Amino acid sequence: AYWNEFMNDFSAAARDYEETVRLEPDNYDAYFGLAYAYKMLKDETKACDAIQRAIQHGSQIAVDLKANFCR
């Protein structure tokens with residue numbers, strides 16, 4: 001997922017990050033990568049949803065980042 005993000009292939013990055021959070025629901029970095037990928041794809045709803053899911057799984061950092069992704 002990170003490689004796709006690095007290569008600016010945000011659709012593939014989002015797909016891979018979604019798979020990562022499905023397999024590792026407490027992988028907060030994957031939620032942040034997912035939110036960023038969706039933001040770059042101009043899908044604010046899905047970006048905010050990714051941050052909300054990180055919060056639901058206990059990420060305090062996601063609470064702090066929420067304002068950046070949920071407007």
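Here is a quick tour of the fold, the surface and the disulfide of this chain.

First, some housekeeping: this is a predicted model, where local features need pLDDT of at least 70, side-chain atom pairs count only at pLDDT 80 or more, and totals for chains, interfaces and linings use all residues. Residues are numbered from 1 along each chain as its sequence is written, and side-chain values use heavy atoms, with hydrogens and water left out.

**Overall fold**

The protein chain has five helices and zero strands, where helices (H or I, at least four residues) and strands (E, at least two) are DSSP runs numbered from the N terminus. Read from the N terminus, the order is α-α-α-α-α. The radius of gyration is 11 Å, close to the 11 Å that the globule rule gives for 71 residues, so the chain is as compact as a globular protein of that length. That radius is taken over C-alpha atoms, and the rule is 2.2 Å times the number of residues to the power 0.38. Along the principal axes, the C-alpha atoms fill a box of roughly 30 × 25 × 15 Å.

Of the contacts (heavy atoms within 4.5 Å) with a separation of 6 or more, 38% are between residues 24 or more positions apart.

Buried residues make up 35% of the 71 residues; buried means under 20% relative accessible area, exposed over 50%, and partly exposed in between (1.4 Å probe, protein chains only). The accessible surface of the protein chain is about 4,500 Å², with 53% of that belonging to carbon and sulfur atoms. Areas like this come from the Shrake-Rupley method with a 1.4 Å probe, and for residues only the protein chains shown count as cover.

**The disulfide**

A search of the whole structure turns up one disulfide, meaning a pair of cysteine sulfur atoms within 2.5 Å. It joins Cys-48 to Cys-70, with an S to S distance of 2.0 Å. The pair links distant parts of the chain, 22 residues apart: Cys-48 sits in helix H4 (residues 44-56), and Cys-70 in the segment after helix H5 (60-69). The torsion about the S-S bond of Cys-48 and Cys-70 is about 105°, so the disulfide is right-handed.

| Residue | Relative accessibility | Class |
|---|---|---|
| Cys-48 | 17% | buried |
| Cys-70 | 18% | buried |
| Arg-15 | 54% | exposed |

Arg-15 belongs to helix H2 (residues 10-23). Arg-15 and Ala-37 are 22 residues apart in sequence and 9.4 Å apart in space, C-alpha to C-alpha.
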